Amino acid sequence: MITGELIRLRAFEPEDADALWRWNHDPAVMRWMDQYYVNSLDRARRGLADAQANSFAHVLYAVEVLADGKLIGLVQLRDTDAAVGSAELDIYLGEKDYWGRGFATDAMRTICRYGFDTMRLHRIGLTVVEANEAARRVYAKVGFVEEGRLRDAFRRDGRWYDKIAMGLLEGELS
């Protein structure tokens, strides 16, 4: 396990599928996510059971609260390119009671530290919908900087939003 101040990152277990299914069917949780498709609980369970094993190319971890072991979200580093030492990061907390309490910030710092120290990455990137101000604050707090803008790259409720490309280089983690 990979431990932060408030959270630990661990491998997903089969019993975690129910929480993932619940989060993926909560409109507030999925508000700013690209994938927003309804699946059955059985399909979620099979998907987790059939998921690829963690490797350098793709690591997916459950975010668990240190104090009580509660599963609250997930983080992943994907599309890892060994030649240039880069990866893309995705995160979300599905348990809304844990929003705004420092858990996402700690999960971001923890996965980035793992990416830089263990995986020897040089750069971690992500994109975020411009209107997702809470996520943008978390990313900036850990050191991500805006690198560009993808115009009208996300659509929700009949409205187009820009996506902001952000990046963090080795040595910039705060």
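1. Phe154 and Tyr161 are both buried in this predicted model. Their ring centres lie 6.5 Å apart and the planes meet at 55 degrees, so the pair is tilted. For a pair to be called edge-to-face, the planes would have to be over 60 degrees apart.

2. Phe154 and Tyr161 also belong to a cluster, which ring pairs build together with Trp32. Trp32 has a charged neighbour as well: the charged end of Arg31 sits over the ring of Trp32, at 4.6 Å from the ring centre.

3. A second contact of this kind involves Arg101 and Tyr98. Here the charged end of Arg101 sits over the Tyr98 ring, 5.1 Å from its centre.

4. The structure has 7 aromatic pairs. One of them is formed by Trp23 and Tyr92; it is edge-to-face, with 6.0 Å from centre to centre and 80 degrees between the planes. This pair links distant parts of the chain, since its two residues are 69 residues apart. Trp23 belongs to helix H1 (residues 17-24), while Tyr92 belongs to strand E5 (residues 86-93). Trp23 and Tyr92 are both buried.

5. The second largest pocket holds about 160 Å³ of space. Its lining consists of Ala11, Phe12, Leu48, Ala51, Gln52, Ala53, Asn54 and Leu60. Sorted by class, 6 of the lining residues are nonpolar and 2 are polar, and there are no charged residues.

Methods: Residues numbered from 1 in each chain as written. Predicted model: local features only at pLDDT ≥ 70, side-chain atom pairs only at ≥ 80, totals over all residues. Heavy atoms only, no water. Phe/Tyr/Trp six-rings, centres within 6.5 Å; stacked < 30°, edge-to-face > 60°. Helix = DSSP H or I, 4+ residues; strand = E, 2+ residues; numbered from the N terminus. Buried < 20%, exposed > 50% of the residue type's maximum accessible area, 1.4 Å probe, protein only. Lys NZ or Arg CZ within 6 Å of the ring centre and 35° of its normal. 1 Å grid on protein atoms, 1.4 Å probe; cavity = no way out; pocket = protein on both sides within 12 Å on 5 of 7 lines; lining within 4 Å. Points joined across faces, edges and corners; volume = space filled by probe spheres on them. Nonpolar A, V, L, I, M, F, W, Y, C, P; charged D, E, K, R; others polar.
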